[in-house]
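Please read the points below alongside the sequence and the structure.

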Amino acid sequence: GNQPMIDVQNNDYHHLEITVSGTKSSADHMDIEGNLTISDDAILNVNSGSDDITIAGDWINTSSNGFTEGTRTVTFDGTANQTITCSTIGVETFYNLSINKSNGSEVILNNEVALEVNNSSLNFSGTNGYITLNGNDFTINHWSDGKITGYDENEFFIVDQTSFIKY
């Protein structure tokens with residue numbers, strides 16, 4: 001059922017699993033040093049508490065409901081390659097997405113990703129990190145209000161022949 005999440009010390013998690021059914025509402029900003037898994041019929045809602053997520057591992061959403069992004073930021077800051085998987089719904093939606101990498105590692109899409117809602121943003125805030133589309137599309141909805149910041153030749157997209165950046 002619906003539950004508030006436990007507010008752990010310093011809001012640091014290693015691996016975090018959101019399972020079963022109902023909405024799990026964050027209690028504060030979350031720093032996940034491992035993987036985030038959302039499964040079954042569970043919903044992770046970070047908007048109710050206005051909480052951002054920083055994740056060093058993989059983003060795995062196999063839930064039939066998934067993630068309620070609201071107007072919050074998800075930052076990928078792992079030192080190794082990370083993946084975004086959204087296998088049941090097919091498209092993972094973020095409001096603000098930040099890629100904060102310094103060693104040339106990648107955020108690899110295993111499914112389509114969308115930036116949604118007016119004024120959303122994609123920020124490359126590290127010194128050397130990429131989003132690899134891996135045969136999937138990256139869609140920026142409401143492009144006239146959105147923005148991409150911080151990119152250069154060391155931080156941007158790796159696109160193959162079957163992937164598209166849509167706006």
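1. Two residues are in contact when heavy atoms of theirs lie within 4.5 Å. The model discussed here is predicted. With neighbours within four places in sequence left aside, Thr85 is in contact with Trp59, Ile60, Asn61, Asn110 and Asn111.

2. Thr85 belongs to strand β12, which covers residues 82–86. Is Thr85 buried or exposed? Its relative accessibility is 17%, and because buried means under 20%, Thr85 counts as buried. The side chain of Thr85 also makes a polar contact of 2.9 Å with the side chain of Asn110.

3. Trp59, one of the residues touching Thr85, has its own set of contacts beyond four places in sequence, including Leu36, Ile38, Ile53, Phe67, Val74, Phe76, Ile84, Glu92 and Phe94. The largest nonpolar core holds 32 residues, and those that touch the most other members are Ile53, Trp59, Phe76, Phe94, Leu122 and Phe138. In soluble globular proteins, nonpolar side chains tend to be buried together.

4. Strand β12 is also part of an open sheet of 7 strands, ordered β3-β6-β9-β12-β15-β18-β21 with parallel pairing. The edge strands, each pairing on one side only, are β3 (16–18) and β21 (155–158). From one strand to the next, the twist averages 15°.

5. Which strand pairs with β21 over 4 bridges? The partner is β18, residues 129–132, and the pairing is in the parallel sense. Within this part of the sheet, Ile158 of β21 stands opposite Thr132.

Technical notes
Residues numbered from 1 in each chain as written. Predicted model: local features only at pLDDT ≥ 70, side-chain atom pairs only at ≥ 80, totals over all residues. Heavy atoms only, no water. Core = buried A, V, L, I, M, F, W, Y, C linked by side-chain atoms within 4.5 Å. Buried < 20%, exposed > 50% of the residue type's maximum accessible area, 1.4 Å probe, protein only. Helix = DSSP H or I, 4+ residues; strand = E, 2+ residues; numbered from the N terminus. Polar contact = N/O pair within 3.5 Å; in protein donor to acceptor, adjacent residues only side chain to side chain. Pairing = 2+ DSSP bridges. Axes fitted to C-alpha atoms, helices over the stretch in contact; angles between N-to-C directions.
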